[in-house]
Amino acid sequence: MTEATAGADEVQSFGSRLSETIERRGHLCVGIDPHTYLLEEWGLPVSAVGAHEFGLRVVEAAAGRVGVVKPQVAFYERFGAIGYKVLEDVVTAAREAGLLVIADVKRGDVDSTLEAYGEAWLTPGLPLEADAMTLNPYQGFDTLAHTLGLAKTHGKGLFILAATSNPESASVQTARRVRGSQEGRTVAGGIAARAAKWNREHETGDMGSVGVVLGATLDFEFLDIDLEDLARAPSAPVLAPGFGHQGAEFSRVREIFGPVAPSTIVTASRGLLRAGQDGLAEAIDRQVGVLEETYR
Ligand SMILES: O=C(O)c1cc(=O)[nH]c(=O)n1[C@@H]1O[C@H](COP(=O)(O)O)[C@@H](O)[C@H]1O
């Protein structure tokens with residue numbers, strides 16, 4: 001459903017907003033990860049003040065070039081209350097610049113507690129309001145129930161960790177569940193299937209609001225991730241880290257994600273941010289160009 005067809009009191013879904021954003025601005029998402037060494041390279045203090053400045057400069061470079069940014073909250077949280085204060089500013093500046101903000105918080109907990117995390121990041125008008133957040137489902141997919149409902153009510157998105165890009169993930173995510181005497185799906189495959197099913201049961205339109213995180217560095221066949229299932233309308237958006245610094249090539253995105261490439265968000269942090277504050281806009285333009293060519 002588009003904004004034009006939504007009723008006056010009906011909230012536009014995140015999936016619909018994301019679909020429009022990808023159409024207008026393409027697939028690249030710029031990560032806002034003020035690592036200590038990057039703050040130093042950028043000539044900024046290693047403090048909340050430096051992380052604030054860093055975030056605002058990334059927003060400035062990203063605005064008008066891409067549609068999505070992903071602040072990694074740990075790099076702000078480490079400075080305590082003031083870190084959160086400046087993060088609020090960065091998130092607000094990004095949203096005011098017309099960017100969709102995915103808060104990379106990777107929260108997971110028992111259902112009722114997780115819902116409180118959801119309220120913090122997804123409630124309209126609250127200080128940390130973002131457009132979407134990342135969730136960790138490894139206390140059980142059903143712990144997400146209330147947060148899924150909350151996101152739907154507010155037109156927000158969720159990106160659920162399914163197959164993460166870090167090499168250590170295999171010890172958990174490739175494990176196969178046992179059903180009676182039968183070997184079932186991998187843990188990662190089961191999470192992705194639940195996300196796809198949720199979209200089909202609760203969403204209309206081309207793109208759903210519940211996405212999955214799939215590392216671009218992985219072998220999805222080995223992991224038993226059914227990309228065709230994720231691509232079936234309303235398709236699950238895929239947040240895809242692993243490009244640039246972790247080794248995946250931007251130009252291979254369609255090859256890697258196949259049927260779900262149209263709803264894939266290509267996210268990169270260090271690979272872009274290492275260009276420094278003076279080179280960032282150019283680095284973003286370069287990868288936008290590569291992706292435009294790849295998706296042509
Ligand atoms: O959810 C994420 O964003 C994420 C999931 C994952 O599987 N792997 C992963 O690297 N990330 C995040 O994506 C970003 C990747 O950063 P770069 O490797 O510098 O591009 C970091 O903020 C990570 O926390």
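Me: Two strands pair if DSSP finds at least two bridges between them. Which residue in S5 is the bridge partner of Met 133?

Reply: Start with the ground rules. This is a predicted model, in which local features need pLDDT of at least 70 and side-chain atom pairs count only at pLDDT 80 or more, while totals for chains, interfaces and linings use all residues. Residues are numbered from 1 along each chain as its sequence is written. Helices (H or I, at least four residues) and strands (E, at least two) are DSSP runs, numbered from the N terminus. In general, strands of a sheet pair through backbone hydrogen bonds, either parallel or antiparallel. Here Leu 158 in S5 is the bridge partner of Met 133. Strand S4 (residues 132-135) and strand S5 (residues 157-163) run parallel and are joined by four bridges.

Me: What do the eight strands of S1-S2-S3-S4-S5-S8-S9-S10 form?

Reply: They form a closed barrel with parallel pairing. From one strand to the next, the twist averages 30°.

Me: How do S6 and S7 run, parallel or antiparallel?

Reply: Antiparallel: three bridges join S6 (residues 176-179) to S7 (residues 182-186). Val 178 stands opposite Glu 183 in S7. The hairpin of S6 and S7 has two residues between the strands, and Gly 180 takes a positive phi near 60° there.

Me: Which residue has a positive phi although it is not a glycine?

Reply: Most residues other than glycine have a negative phi, and most peptide bonds are trans. Lys 106 has a positive phi of about 45°, and this residue lies in strand S3. As for peptide bonds, a cis one joins Ala 233 and Pro 234, with omega about -10°. Pro 234 is in the loop between helix H11 (227-231) and strand S9 (238-240).

Me: At what angle do the axes of H3 and H14 cross?

Reply: Two packed helices are described by the angle between their axes and the distance between the axes. Axes are lines fitted to C-alpha atoms, for helices over the stretch in contact, and angles run from 0 to 180 degrees between N-to-C directions. The axes of H3 (residues 48-62) and H14 (residues 276-295) cross at roughly 35° and come within 9 Å. Residues are in contact if their C-beta atoms, placed from the backbone, lie within 7 Å. Arg 57, Val 58, Ala 61 and Ala 62 of H3 make the contact with Gln 277, Leu 280, Ala 281 and Ile 284 of H14.

Me: Which strands does helix H5 lie across?

Reply: H5 (residues 80-96) lies across S1 (28-32), S2 (68-71) and S3 (100-107), and runs at about 175° to S2.

Me: Which residues come nearest to the ligand?

Reply: A residue is near a molecule if its C-beta atom, placed from the backbone, lies within 6 Å of it. Of the 19 residues around the ligand, Thr 164, Ser 165, Pro 241, Ser 269 and Arg 270 come nearest. Strand S10 (264-268) and helix H13 (270-273) are the elements that give two or more residues to this shell.

Note on methods
Contact = placed C-beta atoms within 7 Å.
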